[in-house]
Amino acid sequence: MSEDNNSGKDYTLEADSELRFEIEQKDAKVTVTLVSGFAELFGTELVKKKKYEFGVGAKVAIFTYQGCVLHATGKMDVCYISKETPMVQYVNCHAALEQFRMEAEEQDRRGPVVMVVGPMDVGKSTLCRILLNYAVRVGRRPLYADLDVGQGSISIPGNIATILIERPANIEEGFAKTAPLVYHFGHKSPSANSVLYNAVVSKMAEVTLQSLDANKRTKSSGIVVNTCGWVKGSGYAHLLHASRAYRARAIFVLDQERLYNDLLRDVSSNVHVVLLPKSGGVVERTKELRHESREQRIKEYFYGNARTPFYPFSFEVKFQDLRLYKIGAPPLPDSCMPIGMKAEDNKKKVVAVTPTQALLHHVLTLTFAESTDDDVIGTNVAGFCCVTDVDMERQSAMLLSPQPRPLPPNALLLWSELQFMDNHA
Ligand code: ADP
């Protein structure tokens with residue numbers, strides 16, 4: 001490392017090592033430039049001499065297979081070079097998936113669905129990003145499904161989503177999230193309604209597996225599925241459910257031998273279950289940080305970020321015009337259910353919500369379903385609004401929305417547990 005007080009530092013990395021840094025201070029900015037050699041950030045190659053800028057909250061690893069020199073300016077809170085990385089195992093996983101993709105291509109079959117599983121903060125999303133980047137870099141067009149309703153990286157929390165990956169993730173901003181397919185769940189943990197969660201996952205799996213057939217290149221590329229960090233008890237049952245719904249070809253288990261052994265026992269023998277180490281660089285997040293990052297994602301949905309700010313709109317909606325529903329009615333014993341219905345069905349029931357003060361700050365999902373006679377659970381999401389004020393006297397609510405126009409007359413909104421305090425105005 002060589003130091004120059006005013007203009008930053010040079011970092012010389014040997015082959016198979018990475019520069020890791022974190023930025024915690026508000027308003028801090030770090031710029032990194034690749035001076036020589038080759039380097040990548042979670043699978044996206046850095047362009048030589050280009051300045052990349054990182055802000056508060058960034059937890060970054062810039063890895064090199066061949067060796068490189070990086071130049072960085074700005075204040076980092078943690079910064080070191082590590083030679084211990086699991087990248088060789090990760091690239092081997094990519095190579096194995098490529099093998100499946102080539103077979104699929106030859107036989108005009110669907111490519112592999114791979115699920116990445118493991119407890120919280122083990123680098124699941126990062127491994128998905130690496131696998132997807134490597135896939136597009138060799139000309140594939142995979143789908144990326146994120147089933148993590150707590151910390152999902154595609155839509156806002158409380159939903160599951162899928163996008164088509166057509167180019168490597170942007171170094172600073174991740175994958176382009178154009179035209180995602182989103183299904184509403186409404187809670188930040190699947191435990192809030194396991195029956196609904198499984199139903200929504202089944203729907204997503206069914207629709208996306210079918211959509212693979214529409215495009216030859218995507219068909220053989222397959223799907224990378226990111227999952228929740230809840231891996232015990234019902235959380236484990238959800239993983240099994242997802243693996244069946246997606247007909248997973250491979251499951252990459254990060255950092256937990258017990259989960260690996262349980263899956264080996266419980267999934268069919270033609271599913272390749274692989275145990276992988278987590279990177280020592282992956283940073284654990286506290287409960288508070290997780291909460292903050294959920295809020296941040298919702299804020300970005302409405303307001304964008306420093307690079308691409310959005311300017312949302314506010315409008316008033318009279319309670320009488322608000323068609324608001326919630327999925328899941330309070331449980332009733334089987335004996336109290338109408339003939340032919342199980343208590344389980346109540347968990348998927350669409351029930352009307354009467355607006356009250358309690359709606360304040362809640363995120364509401366605008367669904368493409370137009371009536372409760374439609375398959376509301378199985379219909380994708382058009383967008384989100386947030387309740388910024390409730391006026392019981394005027395019998396109205398103020399909604400924050402990315403769209404300038406008021407809600408269409410047949411708009412059907414779904415209540416979500418997630419809240420967002422709009423302190424922006
Ligand atoms: P999970 O999906 O399992 O919760 P993530 O992939 O989101 O975990 O990783 C948690 C955090 O660790 C992210 O902010 C990510 O940028 C960071 N991270 C991942 N891998 C590394 C690494 N090798 N070095 C430094 N930070 C990393």
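The shell around the ligand takes at least three residues from each of domain 1 (9-84) and domain 2 (86-276); those bounds come from an automatic or database domain assignment. Keep in mind that this is a predicted model, where local features need pLDDT of at least 70, side-chain atom pairs count only at pLDDT 80 or more, and totals for chains, interfaces and linings use all residues. Residues are numbered from 1 along each chain as its sequence is written, and side-chain values use heavy atoms, with hydrogens and water left out.

Who's in that shell? There are 17 residues around the ligand, and E18, K59, K124, S125 and T126 come nearest (a residue is near if one of its heavy atoms lies within 4 Å). By class, six are nonpolar, five polar and six charged; Asp, Glu, Lys and Arg count as charged, Ala, Val, Leu, Ile, Met, Phe, Trp, Tyr, Cys and Pro as nonpolar, and the others, Gly among them, as polar.

Now for the polar contacts (pairs of N or O atoms within 3.5 Å). A polar backbone atom of K124 sits 2.9 Å from a ligand oxygen. On the nitrogen side, an N or O atom in the side chain of S279 is 3.0 Å from a ligand nitrogen, and a backbone N or O atom of G281 is 3.2 Å from a ligand nitrogen. The protein covers 88% of the 560 Å² of accessible area that the ligand has on its own (Shrake-Rupley method, 1.4 Å probe). Strand 3 (17-22), strand 8 (59-64) and helix 2 (124-137) are the elements giving two or more residues to the shell; helices (H or I, at least four residues) and strands (E, at least two) are DSSP runs numbered from the N terminus.

Stepping back, the protein chain has eight helices and 24 strands. Its radius of gyration, taken over C-alpha atoms, is 23 Å, close to the 22 Å that the globule rule (2.2 Å times the number of residues to the power 0.38) gives for 425 residues, so the chain is as compact as a globular protein of that length. The C-alpha trace spans about 70 × 55 × 40 Å along its principal axes.

Methods: A polar contact is a pair of N or O atoms within 3.5 Å; within protein, one must be able to donate a hydrogen and the other to accept it, and residues adjacent in sequence count only if both atoms are side-chain atoms.
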